[in-house]
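Hello,

Here is the structure we talked about. Please open it alongside this note.

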Amino acid sequence: MAKHHISTTINGEPVEFLCNTEQTMLDVLRDELHLTGTKEGCATGDCGACSITVDGRLVCSCLMLGVEAEGHSVETIEGMADGDQLHPLQQKFLEYAALQCGICTPGFLVASRALLERNPNPTEEEARYWLAGNLCRCTGYDKIIRAVLDTAADMRGAS
Amino acid sequence: MYAPSFAAPTTVAEAVQLLANASGVAKVLAGGTDLLVQLRSGILKPDLIVDTKRIPELRTITSEGGGYRIGASVSGAEAGEHATLSRDWPGIVEAVELIGSTQIQGRASFVGNLCNASPAADSVPALIAAGATVVIAGPNGEREVPVEEVPTGPGSTSLAKGEMVVAVKLPPKPARTGDAYLRFIPRTEMDIAVVGAGVCVTLDEGGTCTAAKVSLGAVAPTVLVVPDAAAALIGSKLDDAALAALDAAARAACKPIDDKRGTIEYRTKVAGVLARRAAATAFKRAGA
Ligand SMILES: Cc1cc2nc3c(=O)[nH]c(=O)nc-3n(C[C@H](O)[C@H](O)[C@H](O)COP(=O)(O)OP(=O)(O)OC[C@H]3O[C@@H](n4cnc5c(N)ncnc54)[C@H](O)[C@@H]3O)c2cc1C
Ligand code: FES
Ligand code: FES
């Protein structure tokens, strides 16, 4: 079967790509568009390393087909910093050393940003539940949660 | 090489035609949180995938005659954000919100949960307890059936070739009615039910139960309706005798499997406990 021609928006820019039906959005991002910031941990929806937003909604890109992106607006980790200016969450993850090997980090950042957009003042419990679909084998989660809650406090103070 | 076709119709009629005319295996794609896992693992090799998320009526929740019509592709996150659904049917919303993580919630639908036909599907006992029905469209028009008539065994449903679910319908909620769903898993998130229990009750003005429905998940090849458990509640104010009878009826209905999540004995015991606890919450929500 011929490849599908898909027109979409990725990190605010119009993007076109070709894909087969069975290629996931994760495959498309990494293998076709070379946006390799989005990671594959499990490919079964369990780890959250592949987190992206589609029309503002947090999803696993490993459980979405590339063809489904037609006409939608996708945000990936590559769109998070503004040029050299890191997003406050990225800055805070560095300050708190909320990462070690780093493979889970793009997913945590994308998921955390989606949380703070909806809820600028999450409790620790709300943050932990929101991020329950993001797995980290290195940090023990505590530094990640503290970085997210501290970013939220800073962002509330700044606005 | 394996290369399935893909279609994203914008009307139910078009979707039904695609499904009915497909040669080989055709699969509906809603949130894909079951379908894509099966596709990637090679368990399933559909020849045609029909994405139903571009059909507007499948994406909305509407109030209908005092009840609700939930489009078949509405995600759990959308159901949770709806202004009045969780006020009216808290058990149904708490059940769908137990599915997976935030990411899974962004895509997973009630109907995908139902049509994947896992005995442990979390939203299904809650829908059954509430008396929900599904509207099915097919080559011969539409039909409406109770939710419990859809799954026929692990992974199989009563839908015929060319048929698809277009909506879940919740009846108008009678006065003094409450529903609840509880599941037991060994951790707090991201696991499959060892047992799930959905209960819905209607009380009279004095607080006596006049109608009830009880449904259990993960204790048999399909989600169960347990009429004896409902009978134990009807006529009672949920006193100790009614709770004991409910517990016994729930345990008696179980035909579970032994697996790494729980033994037969354990699942059976937990089914009784969860039925009691879900009944207590349902009574409280009904205003007892
Ligand atoms: C990490 C992870 C965690 C999960 N946790 C849970 C959990 O806690 N509890 C739980 O119950 N489930 C869980 N699941 C399973 C899954 O998320 C749910 O069953 C979900 O509700 C499926 O909905 P969907 O819209 O993604 O379905 P899809 O994957 O799109 O479809 C599922 C099946 O239903 C069929 N189907 C879909 N729509 C229709 C329609 N309109 N008409 C006819 N057939 C249709 C499809 O063809 C397919 O066979 C989990 C899955 C993952 C990956
Ligand atoms: S790679 Fe998608 S959830 Fe793990
Ligand atoms: S930093 Fe290594 S998995 Fe999270």
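First, the ground rules. This is a predicted model, where local features need pLDDT of at least 70 and side-chain atom pairs count only at pLDDT 80 or more, while totals for chains, interfaces and linings use all residues. Residues are numbered from 1 along each chain as its sequence is written, chains are lettered from A and ligands numbered from 1 in the order in which they are written, and side-chain values use heavy atoms, with hydrogens and water left out.

Ligand site

B:Val28 also reaches ligand 1: a polar backbone atom sits 2.7 Å from a ligand oxygen. B:Lys27 uses its side chain, with a polar atom 3.3 Å from an oxygen of ligand 1. Taken alone, ligand 1 exposes 980 Å² (Shrake-Rupley method, 1.4 Å probe). The protein buries 92% of that. Three elements of chain B each give two or more residues to the shell: β2 (26-29), α7 (110-115) and β10 (164-170). Helices here are DSSP runs of H or I with at least four residues, and strands are runs of E with at least two, numbered from the N terminus. α7(B) gives the most, four residues.

The shell counts residues with a heavy atom within 4 Å of the ligand. There are 35 residues around ligand 1, and B:Val28, B:Thr33, B:Asp34, B:Ser109 and B:Asp122 come nearest. By class, 18 are nonpolar, 10 polar and seven charged. Nonpolar means Ala, Val, Leu, Ile, Met, Phe, Trp, Tyr, Cys and Pro; charged means Asp, Glu, Lys and Arg; the others, Gly among them, are polar. The site is shared between chains, because residues from chains A and B surround ligand 1.

Chain A against chain B

The contact (heavy atoms within 4.5 Å) takes 31 residues from chain A and 30 residues from chain B. About 2,400 Å² is buried between them (accessible area lost on being put together, 1.4 Å probe, summed over both). Carbon and sulfur atoms give 58% of that area. A:Glu22, A:Arg57 and A:Leu63 supply 27% of what chain A buries against chain B, more than any other three residues.

Four salt bridges link the two chains (a side-chain nitrogen of Lys or Arg within 4 Å of a carboxyl oxygen of Asp or Glu). One joins A:Glu68 to B:Lys53, with the closest N and O atoms 2.6 Å apart.

Within chain A

A:Glu117 and A:Arg113 also form a salt bridge (3.9 Å, N to O). Both lie in helix α3 of chain A, four residues apart, about one turn of the helix. Over all chains, the whole structure has 27 salt bridges.

Best wishes

Definitions and conventions
Polar contact = N/O pair within 3.5 Å; in protein donor to acceptor, adjacent residues only side chain to side chain. Buried area = accessible area lost by both parts, 1.4 Å probe.
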